Amino acid sequence: MKGLQAHTDKQFSTILCDDQVSGLEFETKDGQWNKLSLSPSSFIFFVGDPLMAWSNGRMHPVKHRVMMSGEKDRYSLGAFAVPVEGTIIKTPKELVDEEYPQILKEFDHMDFTKLSYSEEGRAIDSARQVFVFAGICTLRTTSWIF
Ligand SMILES: O=C(O)CCC(=O)C(=O)O
Ligand SMILES: [Fe+2]
């Protein structure tokens with residue numbers, strides 16, 4: 001099977017469209033994988049790990065992958081919002097409260113990117129990398145991600 005392994009995006013966010021050759025799948029919160037068929041006039045917006053971190057977990061980075069079978073080629077076009085070098089991802093205090101205690105320490109986006117593509121980082125489940133890198137363990141994160 002060709003494709004792209006399951007991951008959450010490391011960029012801030014992604015806008016993606018494809019040529020209707022199916023293959024893109026996303027994981028639901030209960031661990032099921034569903035195929036996603038985009039109509040020709042639609043696109044998908046993915047929350048990346050840094051946007052999840054900035055929003056203090058209010059926005060969810062959906063895990064996705066590409067599973068290809070058959071002979072047809074698939075083309076996709078992605079527009080990635082990538083923080084400039086030196087960007088510190090920091091949750092604004094307005095997004096931290098009793099219902100949403102802080103789940104991540106502030107971190108340098110470039111350091112996180114380097115870790116996630118390193119050998120050490122690649123050994124960690126993609127959705128967990130940011131928690132391993134900058135996580136503050138709370139009950140809410142525990143039930144949400146682990
Ligand atoms: O090709 C696709 O549909 C997915 C690409 C993707 O997930 C990515 O580049 O992060
Ligand atoms: Fe992706």
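A residue is near a molecule if one of its heavy atoms lies within 4 Å of it. The exercises below apply to a predicted model.

**Exercise 1.** Find which residues surround ligand 1, and sort this shell by class.

Solution. 
Step 1. Look for residues that meet the 4 Å limit. They are Leu 4, His 7, Asp 9, Leu 16, Leu 24, His 64, Val 66, Arg 74, Ser 76 and Phe 80.
Step 2. Sort them by class. Five residues of the shell are nonpolar, three are polar and two are charged.
Step 3. Ask which strands contribute. At least two shell residues come from each of β1 (2-7), β6 (64-68) and β7 (76-81).

**Exercise 2.** Locate Thr 14, decide whether Thr 14 is buried or exposed, and find a side chain with which Thr 14 makes a polar contact.

Solution. 
Step 1. Thr 14 is part of strand β2, which covers residues 13-18.
Step 2. The relative accessible area of Thr 14 is 1%, so this residue is buried; the cut-off is under 20%.
Step 3. The side chains of Thr 14 and Asp 9 make a polar contact at 2.7 Å. Asp 9 also belongs to the shell around ligand 1.

**Exercise 3.** Classify Met 67 and Ser 118 by accessibility, and describe where each is placed.

Solution. 
Step 1. Met 67 is in strand β6. Its relative accessibility is 27%, so Met 67 counts as partly exposed.
Step 2. Met 67 and Gly 3 are 64 residues apart in sequence, but their C-alpha atoms are 4.8 Å apart in space.
Step 3. Ser 118 sits in the loop between α2 (109-117) and α3 (119-122). With 23% relative accessibility, Ser 118 is also partly exposed.
Step 4. A polar atom of the Ser 118 side chain lies 2.7 Å from the backbone oxygen of Leu 115.

Conventions:
Residues are numbered from 1 along each chain as its sequence is written. Chains are lettered from A and ligands numbered from 1 in the order in which they are written. This is a predicted model: local features need pLDDT of at least 70, side-chain atom pairs count only at pLDDT 80 or more; totals for chains, interfaces and linings use all residues. Side-chain values use heavy atoms; hydrogens and water are left out. Helices (H or I, at least four residues) and strands (E, at least two) are DSSP runs, numbered from the N terminus. Buried means under 20% relative accessible area, exposed over 50%, partly exposed in between (1.4 Å probe, protein chains only). A polar contact is a pair of N or O atoms within 3.5 Å; within protein, one must be able to donate a hydrogen and the other to accept it, and residues adjacent in sequence count only if both atoms are side-chain atoms. Ala, Val, Leu, Ile, Met, Phe, Trp, Tyr, Cys and Pro count as nonpolar, Asp, Glu, Lys and Arg as charged, and the others, Gly among them, as polar.
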